[in-house]
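Let's take a friendly walk through one part of this protein. Have the sequence and the 3D view ready as you read.

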Amino acid sequence: MSDKMQTERLFSPLKLLPDHIAEDITRRLNDVIHYQPVIGIMGKTGAGKSSLCNALFRSYVSPVSHTAACTREPQRFTLQTDERKVTIIDLPGVGESPERDEEYRALYQSLWSELDLVLWLIKADDRALTPDCDFYGTLPQGESGQGKVMFVLTQADKTEPTREWSGFLNQPSDNQRKHIQEKECAVSTLFTGLSHPVISVSAATGWQLPELVTAMFHALPARASSAVSTVLKPQFRTRQIEEQARQDFGDAVCDVMTQTLSEVCLPAAVTAVVNSVISTVVSVARSLWRFLF
């Protein structure tokens with residue numbers, strides 16, 4: 001079946017609605033289908049931002065030095081698979097350059113509304129977290145502020161005692177696991193009101209990367225997860241992730257249609273027809289998800 005025929009399947013139920021409403025919904029649905037998510041990767045130099053991105057995504061992300069680079073124009077990397085694009089914005093971490101912290105904070109504030117999710121990377125052995133905590137406290141509570149943040153503890157394989165990491169089993173020793181859990185609890189306590197769990201990973205060994213991907217897809221807005229699924233490395237695009245993205249896509253379509261129809265005055269007598277159209281379009285959208293993404 002051609003691309004045009006697939007698209008017609010999605011939009012054909014809209015013919016039951018007035019033309020101007022159908023056109024508005026069609027435009028908004030196209031925006032959902034072609035949405036380009038933006039993910040911020042935040043952390044100090046050496047936190048492993050590029051290593052984590054290269055472990056998770058198909059496209060290569062090169063390391064960036066913020067001590068030499070001009071931070072007024074943050075580095076952006078485009079991850080692309082066919083027509084789908086995801087933008088990664090590399091954000092420098094506060095605390096490593098005190099004279100630039102204010103500049104960094106202004107940068108974050110200007111970009112925050114653009115971001116769908118922020119992976120805030122902290123090295124598992126980093127104890128200088130006061131500047132991070134101070135900035136986190138300046139973010140508004142709720143989905144538009146602190147709710148976008150997911151803390152990721154990186155380089156878990158270097159947790160003391162490092163010699164006890166099991167390369168054969170690719171997992172920490174009991175002592176290391178205890179220290180990792182203590183660090184996770186400390187971060188959860190220091191950064192109050194977290195919307196998402198603190199995840200510890202090792203990009204070098206792949207430890208807990210699938211768990212991180214699962215947590216990311218629970219944290220991403222419904223409109224963003226489908227495109228992000230297309231740029232993941234194949235081993236992370238599991239059936240579970242695909243199903244999460246498919247359900248999210250249907251939810252995003254439903255939200256768009258419900259919001260659009262709430263903005264117009266329709267006779268109460270057509271409520272049943274409107275609800276039927278919404279249900280049908282959402283069902284078709286989910287059935288076409290694999291074709292679209």
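## Helix H6

Please keep in mind that this is a predicted model. Helix H6 covers residues 174-190, 17 residues in total. From first C-alpha to last, H6 reaches 24 Å, close to the 24 Å expected at 1.5 Å a residue.

Which residues of H6 are buried? They are Gln 176, Ile 180, Lys 183 and Val 187. Viewed down the axis of H6, these buried residues fall within an arc of 60°, so they line one face of the helix. Their packing partners are three strands: S4 (117-123), S5 (149-154) and S6 (199-200). If you turn to the other side of H6, you will find Asp 174, Cys 185 and Thr 189, which are exposed.

Is Ser 173 buried or exposed? Its relative accessible area is 14%, under the 20% cut-off, so Ser 173 counts as buried. The side chain of Ser 173 also makes a polar contact of 2.7 Å with the side chain of Glu 164.

## Cysteines

How many disulfides does the structure hold? The count is zero.

Cys 254 has a relative accessibility of 28%, so it counts as partly exposed. Cys 265, with a relative accessible area of 81%, is exposed. Cys 185, on H6, is exposed too.

Note on methods
Residues are numbered from 1 along each chain as its sequence is written. This is a predicted model: local features need pLDDT of at least 70, side-chain atom pairs count only at pLDDT 80 or more; totals for chains, interfaces and linings use all residues. Side-chain values use heavy atoms; hydrogens and water are left out. Helices (H or I, at least four residues) and strands (E, at least two) are DSSP runs, numbered from the N terminus. The expected span of a helix is 1.5 Å times one less than its number of residues. Buried means under 20% relative accessible area, exposed over 50%, partly exposed in between (1.4 Å probe, protein chains only). The arc is that of the directions from the helix axis to the C-beta atoms. Contact means heavy atoms within 4.5 Å. A disulfide is a pair of cysteine sulfur atoms within 2.5 Å. A polar contact is a pair of N or O atoms within 3.5 Å; within protein, one must be able to donate a hydrogen and the other to accept it, and residues adjacent in sequence count only if both atoms are side-chain atoms.
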